[in-house]
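Here is a friendly tour of one model, moving from its loops and helices to its aromatic rings. Please have the sequence and the structure open as you read.

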Amino acid sequence: MKTLHLFAGATMLAAAFTLSGCGGSGDEPVSVAPKAEAAQVSQMETKSGAKQSGSATTRMHPTTGEPLSAEQVLVRGNGSEPGSIDPQLVDDSVGGAVVNDLFEGLTSSGPNGQLLPGVAESWSASEDFKTWTFKLRHNAKWSDGEPVTANDFVYSWRRAVNPEVGSNYAYYMEVAGVANSTAIVNGEKPLTDLGVKALDDYTLQVSLEVPVTYLPIMVSHYTTFPSPQRAVEKYKGDWTKPGNIVSNGAYKLKEWSVGEKMVAVRNEHYWGNENTIINEVVYLPIDDTVAEMQRFEAGEMHHTNTVPVSQMERIKQDMNDELISVPKLATYMYQFNLQEKPFDDVRVRKALSYAIDRDIIVKYITKGGQTPAYSITPPEVNGFHYVAPEISKMTQAERDAEAVRLLNEAGYNKDNPLVFDLVYNTSEGHKSIAVAISQMWKEKLGAIVTPTNMEWKTFLTEKAAGNFKVARYGWNGDYNEASTFLTLMLSNSGNNDGKWSNAEFDKLLADARNSTDPAPFYEKAEQILSEEMPVAPIYFYRGLRMVSPQLGGYATNNPLDIAYAKDMYIKAQ
């Protein structure tokens, strides 16, 4: 066995506190810490070394030395109401942000995107990278005090591929190469044949069908997190409700008022609890970015989920110190439904994609430093050799002319216009982009397009059911490797709602997984996407948020856009 990584838990904890917050004016949270949490603060003051400030005792941050607020209640903008917070069923960033606070996987993603230990203290691989062994920490516990064991992961990984559970991320286990995952997903083998087993309570062994050198990175994703078998089997579909849920992360769910807020409090059994500072986390499901900005400016939130594009100039001028804009491995796209005519015609898809002036979108609408996208995979992704697609080398005038030619060939023009709905989830930013692109399609192609918004849960449901023609699509990389983007378009991907299928593309990604140099396969796969255009990439994201100067420890350099509440703290004013 070849040992690749060996970390001490203390290393992780030190890294968790290396970031400092922004400077400037203060910001008050909307909630008040309960008495029990105030008692925890007092207990931590003693452990961290309290400092006298006048007649009051002020706790200092153990690493930065900043004075901490006695009230450690973090209020986070979370975009929308989560569709799910079940680790094996959640498939969006909204639910994922909550799951990342409530649960913990074998590994986690650090403030700078670095790989850190989670429940696993160390891991090793066989010489051929087809067998991985994870050593679990003995002090990892669930929120009910029961130990987290290797069998918890065996149960959860089997759950992820169980056809009866119906996870949209079942293909993730196939992408990871877990032995027999494809056959199980297809109902051809029993769950017990999955390539994962507990050698003992604290040793998990994973068998792969192909070498995967980056498996430890993949197991920081929530699909691989443990779920509590006793709670899942007792409460069935209600197991994630407050009072039923048991979690193994830094926090446990206390309250879920649909449409209003979710509240999580410290999990006193979490192995790193003594080093956690935030006592309570409030998640606000605000999908109106203007309303969210108003609440931030009123001092009711510590960070927003995004930034209203219509106010970008004012924000840059008046609140630039609170605006966070960092590179992010994520792509904004429009997805075509190939089950609906005429979007099964590649000429139609290419015409619509070519007629989108991406420079106008990023310069005059988003205005947050985004860059035009002509591929699904961002150029910055590790191990990806970006080759500029032909479409990106043309002028917009050339693209427009080609778009007209292709659409005419397909039988559509201003006398016989293309008519369809463009659906997007409720958001001022998505609306602005949809309106602008609809106008481009009307002026250049004569298409009659109706932008239609849906609230987040409905949007996800309708899209998954194939009830759309063209829909907004966005993807945050689950890990820093090109397969996290390209596997979206696999024929068996649970996130391939447009149902595009290409055997050559599928084979290329299978070959990439078997290769020690997957870059040439990824390059060819991107060429096929550019020729087939099942989605129209529009821009590569920037991570845009408003972050209060009173909030410390917010991860501003994680390309996966993960910011754990356990790493943050509220500064004293």
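Helices (H or I, at least four residues) and strands (E, at least two) are DSSP runs, numbered from the N terminus. In those terms, Thr64 sits in the loop between β3 (56–59) and β4 (73–77). The model is a predicted one, in which local features need pLDDT of at least 70 and side-chain atom pairs count only at pLDDT 80 or more, while totals for chains, interfaces and linings use all residues. Residues are numbered from 1 along each chain as its sequence is written, and side-chain values use heavy atoms, with hydrogens and water left out.

**Thr64 and its surroundings**

Burial is judged by relative accessible area: buried means under 20%, exposed over 50%, and partly exposed in between (1.4 Å probe, protein chains only). At 30% relative accessibility, Thr64 is partly exposed. Its side chain makes a polar contact with the side chain of Glu66 (2.7 Å). A polar contact here is a pair of N or O atoms within 3.5 Å; within protein, one must be able to donate a hydrogen and the other to accept it, and residues adjacent in sequence count only if both atoms are side-chain atoms.

Asn495 belongs to the loop between α17 and α18 (503–513). With a relative accessible area of 7%, Asn495 is buried, and its side chain makes a polar contact with that of Tyr171 at 3.1 Å. Contact in general means heavy atoms within 4.5 Å. Leaving aside neighbours within four places in sequence, the residues in contact with Asn495 include Asp91, Gln335, Trp475 and Leu488.

Pro537 lies in strand β19 (residues 535–546) and is buried too, with a relative accessible area of 5%. Not counting residues up to four places away in sequence, Pro537 touches several residues, among them Thr331, Tyr332, Met333 and Arg358. The C-alpha atoms of Pro537 and Gly474 are separated by 9.1 Å, although these residues are 63 apart along the chain.

**Backbone details**

Lys341 and Pro342 are joined by a cis peptide bond, with omega about 5 degrees. Pro342 is in the loop between β14 (323–336) and α11. Lys367 is not a glycine either, yet has a positive phi of about 55 degrees, and its place is the loop between α12 (358–366) and β15 (371–372).

**Helix α11**

How many of the nine residues of α11 are buried? Seven are, leaving this helix (residues 346–354) mostly covered. Among the buried ones are Val348, Leu352 and Tyr354. Asp345 caps the N-terminal end of α11, with a side-chain oxygen 2.8 Å from the backbone nitrogen of Arg347.

Two packed helices are described by the angle between their axes and the distance between the axes. Axes are lines fitted to C-alpha atoms, for helices over the stretch in contact, and angles run from 0 to 180 degrees between N-to-C directions. α11 packs against helix α19 (residues 519–532) at about 95 degrees, with axes 8 Å apart. The two are therefore roughly perpendicular, a label for angles of 65 to 115 degrees. Val346, Arg349 and Lys350 of α11 meet Ser530, Glu531 and Glu532 of α19.

**Aromatic rings**

Rings of Phe, Tyr and Trp (its six-membered ring) pair if their centres lie within 6.5 Å; planes under 30 degrees apart count as stacked, over 60 as edge-to-face and the rest as tilted. By this rule there are 21 aromatic pairs.

Tyr172 lies in helix α5 (residues 170–175) and Tyr479 in the loop between β18 (470–476) and α17 (483–486), so their pair ties together parts 307 residues apart in sequence. Tyr172 is buried at 3%, and Tyr479 is buried at 1%. Tyr270 and Trp271 are both buried.

One aromatic cluster includes Tyr332, Phe336, Trp441 and Tyr541.

Key. Parallel < 35°, antiparallel > 145°, perpendicular 65-115°, else oblique.
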